[in-house]
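Good morning, and thank you for coming.

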Amino acid sequence: FWVIGLYWLAHHRIFGYIRGYDRRLLILNLLFLFFVAFMPFPTALLFSYPAKLITVAFYAGTLALMGLTLLWLWLYALRHRGFVDETLAPRTIRSTTRGLLATALIFLTSVAIALFNPNWAMFSWLLFIPVYVVIRPAEPD
């Protein structure tokens, strides 16, 4: 619940900045929502088989793909004139981008860590907390 909730907050925040869209942006949004809808499956596997390489990597990989899809959606919107509010402060754009990237990288890194020790990989997910506090997206001016 909390993981999907945090991704939903990030999704809601970036769509608060987006003013326009096209078919590709909508498809990227559907891809992100696919991963949200898919999350109960890797979550159930992780709870059924905790600290196993395959379940930890599958769960973290799914979260990484969800994060990378949201980052891709955000970067796509930024590259298309008129999609993102032009009055949005550059620091808000940077902090939002960094936050999305950092989250995806934490989960991608944990997939690699799981190859050596699935327990350490799960503990690495806690890095999300200080990263979120430090790189928390700035509110628009």
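Let me start with A51, which has a relative accessibility of 26% and therefore counts as partly exposed, since that class lies between the limits of 20% for buried and 50% for exposed. Please bear in mind throughout that what you see is a predicted model. A51 sits in the loop that joins α3, residues 40-48, to α4. As background, most residues other than glycine have a negative phi.

Is T55 buried or exposed? T55 has a relative accessible area of 5%, so it is buried. Setting aside residues up to four places away in sequence, T55 touches L45, L46 and Y49.

Which residues does A60 contact, once neighbours within four places in sequence are left aside? They are F107, S110, V111 and W125. For a distance across the model, consider A60 and I4: these residues are 56 apart along the chain, and their C-alpha atoms are separated by 13 Å.

Let me now turn to the chain as a whole. The protein chain contains 7 helices and 0 strands, and its pattern along the sequence reads α-α-α-α-α-α-α. The C-alpha trace spans about 45 × 30 × 20 Å along its principal axes. A compact globule of 141 residues would have a radius of gyration near 14 Å, so the 16 Å of the protein chain agrees with that expectation.

How much of the protein chain is buried? Buried residues account for 41% of the 141 residues. Among the contacts with a separation of 6 or more, 74% are between residues 24 or more positions apart.

Finally, the surface and the charges. The accessible surface of the protein chain is about 8,400 Å², and carbon and sulfur atoms contribute 72% of it. The protein chain carries 11 positive and 5 negative side chains. The centres of these two sets are 10 Å apart.

Thank you; I would be glad to take questions.

Notes: Residues numbered from 1 in each chain as written. Predicted model: local features only at pLDDT ≥ 70, side-chain atom pairs only at ≥ 80, totals over all residues. Heavy atoms only, no water. Helix = DSSP H or I, 4+ residues; strand = E, 2+ residues; numbered from the N terminus. Rg over C-alpha atoms; globule rule 2.2 N^0.38 Å. Buried < 20%, exposed > 50% of the residue type's maximum accessible area, 1.4 Å probe, protein only. Contact = heavy atoms within 4.5 Å. Areas by Shrake-Rupley, 256 points an atom, 1.4 Å probe, with all protein chains shown as cover. Lys, Arg positive; Asp, Glu negative; His and termini not counted. Charge placed at Lys NZ, Arg CZ, Asp CG, Glu CD.
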